[in-house]
Structure formats: structure tokens, C-alpha cells
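Biologist: I am new to this structure. Please show me how to read it.

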Amino acid sequence: MDLLVVGSGFFGLTIAERAASAGKKVVVIDRRSHIGGNAYSEAEPETGIEIHKYGAHLFHTSNETVWEYVNRFTKFTSYVHKVYSHHKGVVYPLPVNLGTINQFFQAAYSPEEARALIKEQAGEFDVKTAQNFEEKGIALVGRPLFEAFFRDYTAKQWQTDAKKLSGDIVSRLPVRYTYDNRYFNDKYEGLPVDGYTAWLEKMADHPNIEVRLNTDFFDESQPLNKKAVVGKTPVVYTGPVDRYFDYAEGELGWRTLDFEQEVVPVGDYQGTSVMNYPDANFEYTRIHEFRHFHPEREYPNDKTVIMREFSRFADKDDEPYYPVNTPDDRERLLKYRALTEQEPKVLFGGRLGTYQYLDMHMAIGSALSMWNNKLNESL
Ligand code: UDP
């Protein structure tokens, strides 16, 4: 073995695939019983509808290198992601666009008029100087829209004072003064034609790659454990960085998700793939209806699969999904970063390994950079 990769999500598999193609022998371990991390998907048995087991994953990128790379493993459908938001019994288009603004204010503002209105409603806040989620959110969409679509949704999603959350979280969503309600701005977008798991398996399908599932890096009863390997074999670790160091600098804040999946006896439950529920009187943040991700497929027309999504703080035993990234977390992260630099022959990557809110294309892009700039020469 030339390299041990801990974690078989997109970051880990990209590293493994690159190293294997360069002639290195790679072992990938994952403590779960399947590959793919949170991008894993499977057919719901009763309906055959592909469900994203750990929440909806939408692939999009503007990075040419990443787009070329991912197309080696799968083709993409022409799916374009759109999200709607159910506020006080009325459904609005997201991200905030001229349609949302005019529907909310029961008006027919031109782009210029809408801009002037939102600027006035943003009051003292400005996008360039906003210090946190709340200031940036109000600066972007004004106070009334912020309160309708962002304040309570964010309270459910993060359970953290919006003044302690980064403004970068809210600027993931575009704001448009046109009627375009595509959720993403990227040049390329689509879903893997044969599903996420087929794509992930194709990445791992190389004679130089061995995948061992149900194998926990921290379990000393299995041979490829941290104590036995670190310092001897190069490692790329993609699990939670605080877990790696046994929480020596304290626990970083992570959010986890719970899902309530249901097969509903109707052909179409909500008419779209994702409906957000920004109001406080719904406990869930959104409902996914998976058939709508693949309108090109033949799915049963008398049944559909929906999944309600709930968010909460992750305990040590829960699956971490989102780094909360408060100022306290950032301070702790700096200490963990210093520790990672001293770790012999171990590189840290991915959403969990770097404590960064990376999208799939970012995880793949950063794995390609790690391979090209650091690992390729050193292995
Ligand atoms: N957000 C919100 N209302 C919405 C959608 C998003 O307040 O209807 C905020 C919320 O804080 C969320 C963030 O914007 O965590 C980023 O949303 P995105 O849809 O990018 O989150 P993801 O799909 O990654 O969970």
C-alpha cells in the first residue's frame, strides 16, 4: 500500500482515483457499510425511486477542470435545480428574485424599482461591510424578506445566533433582479444519469484501489488503524478534524440532519423537488420529493417518495454534516490546523477534514489540487 485514504466521499475517492491512475496502490477505508459519504444514493425498494440518503445533492460547477474530470465517470442530465418556499400558506420562488419580490409585495416593480426598494429596506446594512449572516442577509434582501425567508429557516437550520454565523452562508444563494429562479449560478449543472452511487463506484473501480467498508480508522482491532499506520504510510484523512485529535482542542460545532422518509400514494406530492419551510411553526426545514430530480426516468405514477429534513446539533456519535463555524469554532480550528501541520505524512481534506462548507465540486477541485500540488510528488 502506497497510500491510505480514510473516508470514501468525493474528496477521498478523487485522491484515490488520481493516485491509482498514477500507478500507486491505494486502500480506501470507510466506517460505513457503503461508499460515497453523504453523496450516496439508493433506490427506494417499493418505488425504485432514487433517493439521496443523506439529503439532496445537486451537482453544479463553473470550474472547467472539475467538469472535465467528473465527466470521465458519469454523464449528467439536463436537470436545473429550482427551489420554492412555503411561507404563511403561500408558495414563493427562491432564490430571492424579481418574482419573489413582486409576489411578496403584491406589486409589479421593474428591476430598478425593486433594487431601490430593497436598498431602502436594507437600512444601514451594506453587502460590502456586513459582518455576519444577519447583516449580510438584510443587506442582500432587505428586512421584510429576510424575516420571511431567512430568519426562522436559519434559526431551525443552525440554532445559532445569526450574528455568530458567517455571511458566506447566506451569500451561497444568489439574489436576482430578473425572473430567473435557477438556484445556482454555475455554468454546468446536472444530475448523474445513472445516479450518484454508480458515479462513485466508477471512481473507485480501479485495479489499484481496494475499498474496505465497515472499517473504522480509530478502531484498533482492525489493522489499518490510526495508531498502526500514521508515520509509516502516507494517509489522506477526510473524517472530522476534531475527532482525529480526540477532541484535544475541544469539540467543533457540527450540525447533523434527521430525515423522515415516506412513500405517499399519489403520483406527485408537491410538484417540485425541494420545498422549503421557512416558518417557525413547521419543525422541518424542507421537504424533498425525489422523483422530480429525474423527470427523464420512468417512475410509478401512483406513488412518490418524500423526505422531511430536520436539523440539530451533532453529538460525537452523530454524522456531522455542516460546520457551524462560529467565532469560537474558528479559534479552535486554528489550533487544530496547527496540529494537522505537525502530523507526519497525514493530509486533511474534504468538508469534515478541513471544517469547511464545501460543495461537491469544491471537494473534488480541492482534492485535485492536493494531488497535483502536494501528493503527486511526495508519494
Ligand atoms: N437559507 C434560508 N432560507 C432558505 C434557504 C436557505 O434561510 O429558504 C439560508 C440557511 O441559513 C441555509 C443557507 O441559506 O443554511 C444556505 O442554503 P443552501 O440551500 O445553500 O443550503 P444547503 O442546501 O447546503 O443545505
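This is a predicted model: local features need pLDDT of at least 70, side-chain atom pairs count only at pLDDT 80 or more; totals for chains, interfaces and linings use all residues.

Biologist: At what angle do the axes of helix H5 and helix H6 cross?

Modeller: Helices (H or I, at least four residues) and strands (E, at least two) are DSSP runs, numbered from the N terminus. Axes are lines fitted to C-alpha atoms, for helices over the stretch in contact, and angles run from 0 to 180 degrees between N-to-C directions. Here H5 (residues 133-141) and H6 (residues 143-158) cross at roughly 140 degrees, with axes that come within 8 Å.

Biologist: What is the order of the strands in the open sheet?

Modeller: Strands pair if DSSP finds at least two bridges between them. The five strands run S9-S2-S1-S10-S16, with parallel pairing. Strands S9 (209-212) and S16 (346-348) are at the edges with a single partner strand each, so one side of each lacks a neighbour in the sheet. On average, neighbouring strands are turned by 20 degrees against each other, direction ignored. S10 (residues 235-237) and S16 are joined by three bridges. Val 235 has Val 346 as its bridge partner in S16.

Biologist: Is Ala 114 buried or exposed?

Modeller: A residue is buried if 20 or more other C-beta atoms, placed from the backbone, lie within 10 Å of its own, exposed if 12 or fewer, and partly exposed in between. Ala 114 has 23 such neighbours, so Ala 114 counts as buried. Ala 114 is found in helix H4 (residues 111-121).

Note on methods
Residues are numbered from 1 along each chain as its sequence is written.
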